[in-house]
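I opened this entry to look up strand pairing, ring contacts and pocket lining. My notes follow in that order.

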Amino acid sequence: QLWDVSDITAPRMAHDMALPDVRYPDSYMRVVLSVFWQAPYVYVGAADNGIFVVAATDPEAPVLVAQVSPEPRFRVGNVHAIGNRLVVMGTEGSRVALYDISEPASPRPIPGGSFLISNGAMDRFGRPIATTAYFGQVSGGYTFHARNGLGGGLAIYDIHDPTTPTFVG
């Protein structure tokens, strides 16, 4: 849904947009889990449906312009569009993917910009041991992941260089 809040005391629905294969209530598989408006585009984190890109130049008549399935596939939780970068985080998973949105309607994966969330532990081959996170946020060139499971805690990654995301702590 897109809402007109120009009068904050009287919000008005501008449009109720149906997206393909979104089924409510479908818990986590085929639902919209997050949206991020970077005018005039809306990026939609849509679980197993991937990412929808909606052109909302006219919020009364938005248009679906793209649907992107991350590779490797994962359940898309939240999305954050910041400048020319789209940060795509899994929900209750380990994967994060960074996209170039310099062409906003055509997100492209950034080479090297896909990573697994870890708590810093390595396996015997020197690879990070993945841990799951419920959701995450982005601020100041870092991603912050609320790890789930016993102990929980926070996993932080530096994404200043989107081609080499780095575990910070």
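I started with strand S5 (residues 51-55) and S6 in this predicted model. The two run antiparallel and are joined by five bridges.

Next I traced the whole sheet. It is open, has four strands in the order S3-S4-S5-S6, and pairs antiparallel. S3 and strand S6 (63-68) are the edges; each has a single partner strand, so one side of each lacks a neighbour in the sheet.

Then I went to the rings. I found four aromatic pairs. I looked at tyrosine 157 and phenylalanine 167: they are edge-to-face, 5.5 Å centre to centre, with 70 degrees between the planes. Tyrosine 157 sits in strand S15 (residues 154-158) and phenylalanine 167 in strand S16 (residues 166-167), so the pair ties together parts 10 residues apart in sequence. Is tyrosine 157 buried or exposed? Tyrosine 157 is buried, at 4% relative accessible area. Phenylalanine 167 counts as partly exposed, at 30%. I also logged a cluster: ring pairs link Phe115, Tyr157 and Phe167.

Last, the largest pocket. I recorded about 360 Å³ of space in it. Its lining has 13 residues, with Gln1, Met17, Leu19, Val32 and Val35 nearest the centre. Strand S3 (34-38) and strand S4 (41-45) each supply at least two lining residues. I sorted the lining by type: 11 nonpolar, one polar and one charged.

Notes:
Residues numbered from 1 in each chain as written. Predicted model: local features only at pLDDT ≥ 70, side-chain atom pairs only at ≥ 80, totals over all residues. Heavy atoms only, no water. 1 Å grid on protein atoms, 1.4 Å probe; cavity = no way out; pocket = protein on both sides within 12 Å on 5 of 7 lines; lining within 4 Å. Points joined across faces, edges and corners; volume = space filled by probe spheres on them. Nonpolar A, V, L, I, M, F, W, Y, C, P; charged D, E, K, R; others polar. Pairing = 2+ DSSP bridges. Phe/Tyr/Trp six-rings, centres within 6.5 Å; stacked < 30°, edge-to-face > 60°. Buried < 20%, exposed > 50% of the residue type's maximum accessible area, 1.4 Å probe, protein only.
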